[in-house]
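Please keep the sequence and the 3D view open while reading.

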Amino acid sequence: MTRTVESVVVRLSPSVTLIHGRCLDVLPVECDIIITDQPYGTGWIRGGGKQAGEFKRRKEGADWDVFDLAWMEKAPHRIAAFCPVQGVWDMCLRLPRPHVLKYRKTNPAPYGVPCEPIVSSHAMPNGWEKEAYNGDNSLHPCQKPLDLMAWLVDGLTVEGETVCDPFMGSGSTGVVCVRYGRKFIGIEQDAAHFETARKRLEAELAQGTLDFGGGAAAPTHNLSSEARPSKGENNE
Ligand SMILES: C[S@@+](CC[C@H](N)C(=O)[O-])C[C@H]1O[C@@H](n2cnc3c(N)ncnc32)[C@H](O)[C@@H]1O
């Protein structure tokens, strides 16, 4: 474990590095692409976690949920990020040839949005839309489905490349990177979410997915299943 002025760097394996800190303090990092689910600036507690529908929080303007595209100035030329509808134009203007992808939820909340845009610097090889079931969000209020993240990682990167998620949350992007043989750098400012991600990725690495110090890893797991942290390890 290395401590920088503001950040703590935890190297879980030769291919997985987690950094507890604010991404603007940490970026740029050496990576091929940023794939991220950035904060949306809504303050809503989304998903089915225990705080779902706690609309009071919206007025309080949660500090973990600030929509700010400053990270793009410290990003490599390849990026893909979930984006609020009202932020799509802003993101697109910062890219030379933007592509807007679509995540369609099979189980949108009543009165909730059925789709989320993803702005990408590059086209997806197999269509622009992915349908996925947004599960119970047991690890993070904004937890993204693994098969959705796998669609992005698999479509936008090749084996051995390094993916950075500067808003890592519970580490869903990282889990997919381990399974698909991509290196991963995750950054998270919240201590509880950082711990969730660390334990989740440790469990993932312990399952023995090939670590590709030289060799390659293929997706060896069923993406819908994962080693769940034991009770009490959750952040909720
Ligand atoms: C939308 S959530 C990501 C959830 C993730 N997709 C998952 O599956 O768990 C965004 C995360 O970014 C974190 N965050 C917000 N601002 C940050 C910053 N400046 N630097 C690092 N992390 C930040 C929040 O704490 C939150 O966990």
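## Basis and overall build

This is a predicted model: local features need pLDDT of at least 70, side-chain atom pairs count only at pLDDT 80 or more, and totals for chains, interfaces and linings use all residues. Residues are numbered from 1 along each chain as its sequence is written.

The protein chain has six helices and 10 strands. These are DSSP runs numbered from the N terminus: helices are H or I with at least four residues, strands are E with at least two. Of the 236 residues in the chain, 40% are buried. Buried means that 20 or more other C-beta atoms lie within 10 Å of the residue's own; exposed means 12 or fewer, partly exposed in between, with C-beta atoms placed from the backbone. Among contacts in the chain with a separation of 6 or more, 67% link residues 24 or more positions apart. A contact requires C-beta atoms, placed from the backbone, within 7 Å.

## Nonpolar core

The largest nonpolar core holds 45 residues. Such a core is a set of buried Ala, Val, Leu, Ile, Met, Phe, Trp, Tyr and Cys residues joined through C-beta atoms within 7 Å. Ile35, Ala81, Ile118, Val153, Val163 and Val176 touch the most other members. Helix α4 (residues 146-156) gives the largest share, eight residues.

Leaving out residues up to four places away in sequence, Ile118 touches Ala80, Ala81, Phe82, Cys83, Leu101 and Tyr103.

Strand β6 (residues 99-105) pairs with strand β7 (residues 115-120) in the antiparallel sense, over six bridges. Strands pair if DSSP finds at least two bridges between them. Lys102 stands opposite Pro117 in β7. Strand β8 (residues 129-132) runs parallel to β6, joined by four bridges. Lys105 has Ala132 in β8 as its bridge partner.

## Tyr133

Tyr133 sits in the loop between β8 and α4. Tyr133 counts as exposed because it has 11 C-beta neighbours inside 10 Å. Beyond its neighbours within four places in sequence, Tyr133 contacts Thr106, Asn107 and Pro145.

## Ligand shell and a cis bond

Around the ligand are 20 residues, of which Asp37, Phe167, Gly169, Ser170 and Ser172 come nearest. (A residue is near a molecule if its C-beta atom, placed from the backbone, lies within 6 Å of it.) Elements α1 (23-26) and β10 (183-188) each give two or more residues to this shell.

The peptide bond from Leu27 to Pro28 is cis, with omega near 0 degrees. Pro28 lies in the loop between α1 and β4 (33-37).

Note on methods:
Contact = placed C-beta atoms within 7 Å.
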